[in-house]
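Reader: I'm new to reading protein models. Could you walk me through one, feature by feature?

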Amino acid sequence: METLRRFWQQVRQYWAGLSLARRVLIISATVGAVAALLLVAYLSQTSAYRPLFTDLPPEEIAAIRARLSSANIPYRLVQGGTGIEVPEHRFAEARVTLAAEGLPRSGGKGYELFDETSLVATPFVQSVNYQRALQAELARAIMQLEPVRAARVLIARPEPTPFVRDQRPPTASVVITLKPGASLSRSMAQSIVSLVARSVEGLKPENVTVVDSTGRLLSDPHMGEREELPTPQLEYRRELENYLATKAEQLLAQHLGPGRAIVRVSADINFQKVKERRETYYPDERAVGAERLTTIRSSATTARGIAGAASNVVRAGAPPAPPGTGGGTSSEEVIQTDYLVSRSIRDLEDGRGAITRLTVAALVDLTPAAEGQTVISLQDAEEIIKQAVGFRPGRDEVKLTNVRLLGGPTGPEVDEELLQLQRWQMYVSLARNISLAVAIVLTVALIPLLLWRRRAPAAPPAPTPEQRRQQDIQRLTELARTNPERVAAVLRLLLGSSAPP
């Protein structure tokens, strides 16, 4: 404490010994330094950083850091070292700088390998380079998918042989790394299989395997048998349930407000495909199908005499036979009609994915959110849910419960609390920066004082009363010796006499 008091006394003595101009100069410099530090702290807090790349492997981040450092572009790492950000005003410069170096090289070098071809490269080396380039290009194409962070493609080509029985088809394997919290659907895995199979000559989809970084098999060799379905059965059911639940929640949110209704839908779906043909006959209704008319004609001859040549020879002088006695003709008409019995034919085909039953469970909060606010009744909320999910009486079931949801304030209250929290965080950050600036200014101001204290001579100790008395006697003796007339005038003044003796 004594040291601090002595230091403060020395500061006051130093300040008292300064002229007015120096005092003004020191105060101006201190205020300017504090203002500059506050400005720098504020700009450092408010300067916007923009993500340059995210979800990159560590080796890519290391190469990007080295290039940004050489270009004097500030950066900071985010997402645990898998992402990098740069100031927004230097974002375009950073992208162009990295593009000039070919960064990031996700998936390896593609067809850029042939930009550095050598004249002495053998056909085997060219073939290997082509396969490496094809693998890299396929990996880049797969990494364009939203849930994929990194991908690697391996293609195995067997040695060509002139014997047909010894030929083996090429195969391929794809290893992908998903982004945190992302999932790859079966349909997307099938699209990856199709992409790889159609990019390699002779490669069949069943010879392509897709796995993730955890070793889980994503491809399905029998997926082609389910191409008639829009998605596999489980995914189709989940998507349908989420779609219906979202419709109901959004419709209730228009009346109750966001976060005050929870709807879950369970759907029973028939994935069987049934084809039926029905024929119905109507015996009372007949129609003429065909009608045929048949005419039969016949002729008859009367026998005369004995059969033989004698009876067929006309003798001379014999009378002729009377007319009509020698033969005759007859005709008959037959009408045949075919009738058809009426019938109707119906071909019925029941497609896959038909809903057989819907079970809906819902929790709604019907308490007024604010004073004077009107809410709907429980029956109205149930009717809204039925209309949203396509309720069918006798088939579906809805269970609705009115409860107090403990999800906290929503809507404007949440926004107000968030703004208040952000405001307090800004105040705390500003106070921290001001404290840091004041500490720096005090440190900068105290350093010259400490240096001046070391260089300044030690102050003499204060004289005692006896020493002051002796010093006064010495000054008077010296004054009487050097200027006696002045001393005599002082004595006459003290004695009350102003005239000389």
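Author: Here is a short tour, from the overall make-up to single residues. Keep in mind that this is a predicted model.

Reader: Now helices. At what angle do the axes of α3 and α4 cross?

Author: To describe a pair of helices, you ask how close the axes come and at what angle. Helix α3 covers residues 58-70 and helix α4 covers residues 91-100; their axes come within 10 Å and cross at roughly 115°. Angles from 65 to 115 degrees count as roughly perpendicular, so that is the label for α3 and α4. The crossing of α3 past α4 is right-handed. On the α3 side, I64, R67 and L68 make the contact, and on the α4 side A94, T97 and L98 do. Sorted by class, that contact has four nonpolar residues, one polar and one charged.

Reader: Next up, salt bridges. What's the idea, and how many are there in the whole structure?

Author: The idea is that side chains of opposite charge can pair when their charged atoms come close. A search of the whole structure turns up 13 salt bridges. Let's look at some of them.

Reader: Which residue does E93 pair with?

Author: E93 forms a salt bridge with R90, and their closest N and O atoms are 3.0 Å apart. To judge burial, compare each residue's relative accessible area with the cut-offs: under 20% is buried, over 50% is exposed, and partly exposed is in between. E93 has 37% relative accessibility, so this residue counts as partly exposed. R90 has 18%, so R90 counts as buried.

Reader: What about E137 and R140, how far apart are they in helix α5?

Author: They sit three residues apart in α5 (residues 123-142), which means about one helical turn separates E137 and R140. Their side chains meet in a salt bridge of 3.7 Å, N to O. E137 is partly exposed at 24% relative accessible area, and R140 is partly exposed at 24% too.

Reader: And where do D365 and R260 lie?

Author: These two form a salt bridge as well, with the closest N and O atoms 3.6 Å apart. D365 is in the loop between β10 (354-364) and α8 (378-389), while R260 is in the loop between α7 (233-256) and β7 (261-270), so the pair ties together parts that are 105 residues apart in sequence. D365 is buried at 4% relative accessibility, and R260 is buried at 7%. Salt bridges that share partners also join R260, D365 and R404 into one network.

Notes
Residues numbered from 1 in each chain as written. Predicted model: local features only at pLDDT ≥ 70, side-chain atom pairs only at ≥ 80, totals over all residues. Heavy atoms only, no water. Axes fitted to C-alpha atoms, helices over the stretch in contact; angles between N-to-C directions. Helix = DSSP H or I, 4+ residues; strand = E, 2+ residues; numbered from the N terminus. Parallel < 35°, antiparallel > 145°, perpendicular 65-115°, else oblique. Left-handed = near helix turned anticlockwise from the far one by under 90°. Contact = heavy atoms within 4.5 Å. Nonpolar A, V, L, I, M, F, W, Y, C, P; charged D, E, K, R; others polar. Salt bridge = Lys/Arg side-chain N within 4 Å of Asp/Glu carboxyl O. Buried < 20%, exposed > 50% of the residue type's maximum accessible area, 1.4 Å probe, protein only.
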